[in-house]
Amino acid sequence: MAHTGNLGDLIDRSRDLDKLALIDLLDEARPRRLTYRELDAEADAVARALAGRGIRRGERVGILAINRAAFLATYLGIMRAGMVAVPVNHKFPRETIGFILADCDAKLVFADAERAPLVPTHLATVSFDDEGPAGYRAFLDPGPFETVRPADDEVAMFLYTSGSTGRPKGVPLTHYGHLWVIRTRGRGADASAHRFLVAAPLYHMNALAISKYALWSHATIVLMPQFKAPAYLRAIADHQATWLTSVPTMLALILQEKELLATLDLSSVKVVAMGSAPATQALIDSVQATFAGSRIAYGYGTTEAGPTSFGPHPDGIPTPDLCVGYPLADPEVRVRLVDGDNYDADQGVLHQDNPARMPGYHNMPEKTAEAITPDGYYITGDVFRRDEHGFYYFVGRADDMFVCGGENIYPGEVEKMLERHPAIEQACV
């Protein structure tokens, strides 16, 4: 594998570069198709242009846009140039976006036409939709680029957590850590024949991580600008998607499109991956019925410690539904459940450590001290239970728990109980 250890340089140039890398559905009626050669060249052109602007290694560059080919090319190019990519949640209010761009000290922001006005006026902006001299096409500097070789602990990107309370926190993530994520995901697997449907926003770990895995695997990404249930279903059928990436809510919404479902051929689907939020047995059963013969992959991850701490059981025991898996047998992965003073509980708050763990929140030493233990574990705040085979199950957020009749109760457990009733389709507590 011809990888330099830079998270922006995922394309294996020893493979067929004329293979389709990306189908961009920004305009559903006229998809833009890019080969690996074209995507690679566009990422290099971004990197050359950034280096030519005098932005220095380690400085931050923002991206504020809905999903599109240029978003991915820019994200890769920023990191190739040795700078730090900062995809920003465009659903945040203007003042929060302003806070993030100031907090990370962004030197430049790439934006689409609709979101460019949300960027503070003093910041240099390159618009993806501007065809003029200040726009993205004019900004690009085509030609070869020598990818920066980062140190193992060098930061590749910042992701900002929406945070259930207070201002978003900047999470610096390293090249080494997130290359480890991709390689761990790909260990012993060949995903090159897959077509990954990505509709979750690229400012989020869920979509970003799977997109990088797809590129590293030399697969094809079908990229939607944003999720809409009818368009998602049409994209599966029109582009023969084989691997669906989603959060449970997205799947619940597509299952409601009964009339459309009846008219489409969805038989291409082999894997339905969901994560980033709790799912229910009722949802998994419905997904299994809709995509007959597909494998459902239910994953767990955090922005602060990555999406890969769990995998299959070492003894080959099948992973039960609603289970996030068994802790990876990797010397760099540490997982424990903590309940009060018990650091080996069968139910408790999940602590995890692996190469993808952040070094600490940006400019927030107190928050970092609250989140990372002295022995190097990230405290997720998520309560899990472990069954007799060592499988882990998500129970709920520690701060969602309430006490009733002396018992600790999690809303998710109440929802599961309610949804067992045949007359109840979905419950929210």
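Modeller: Axes are lines fitted to C-alpha atoms, for helices over the stretch in contact, with angles from 0 to 180 degrees between N-to-C directions; contact means heavy atoms within 4.5 Å. Helices (H or I, at least four residues) and strands (E, at least two) are DSSP runs numbered from the N terminus. This is a predicted model, in which local features need pLDDT of at least 70, side-chain atom pairs count only at pLDDT 80 or more, and totals for chains, interfaces and linings use all residues. Residues are numbered from 1 along each chain as its sequence is written, and side-chain values use heavy atoms, without hydrogens and water.

Colleague: At what angle to β11 does helix α8 run?

Modeller: Helix α8 (residues 248-255) lies across β11 and β12, at about 115 degrees to β11.

Colleague: What makes β11 and β12 a pair?

Modeller: Two strands pair if DSSP finds at least two bridges between them. Strands β11 (residues 243-246) and β12 (residues 271-274) have four bridges, in the parallel sense, so they meet that definition.

Colleague: Why does Thr174 count as buried?

Modeller: Buried means under 20% relative accessible area, exposed over 50%, and partly exposed in between (1.4 Å probe, protein chains only). Thr174 has 10% relative accessibility and therefore counts as buried. Thr174 lies in strand β8 (residues 169-174). Leaving aside neighbours within four places in sequence, Thr174 is in contact with residues including Asp152, Val155 and Pro355.

Colleague: Which residues of helix α3 are buried?

Modeller: In α3 (residues 94-103), they are Thr96, Ile97, Gly98, Ile100, Leu101 and Asp103.
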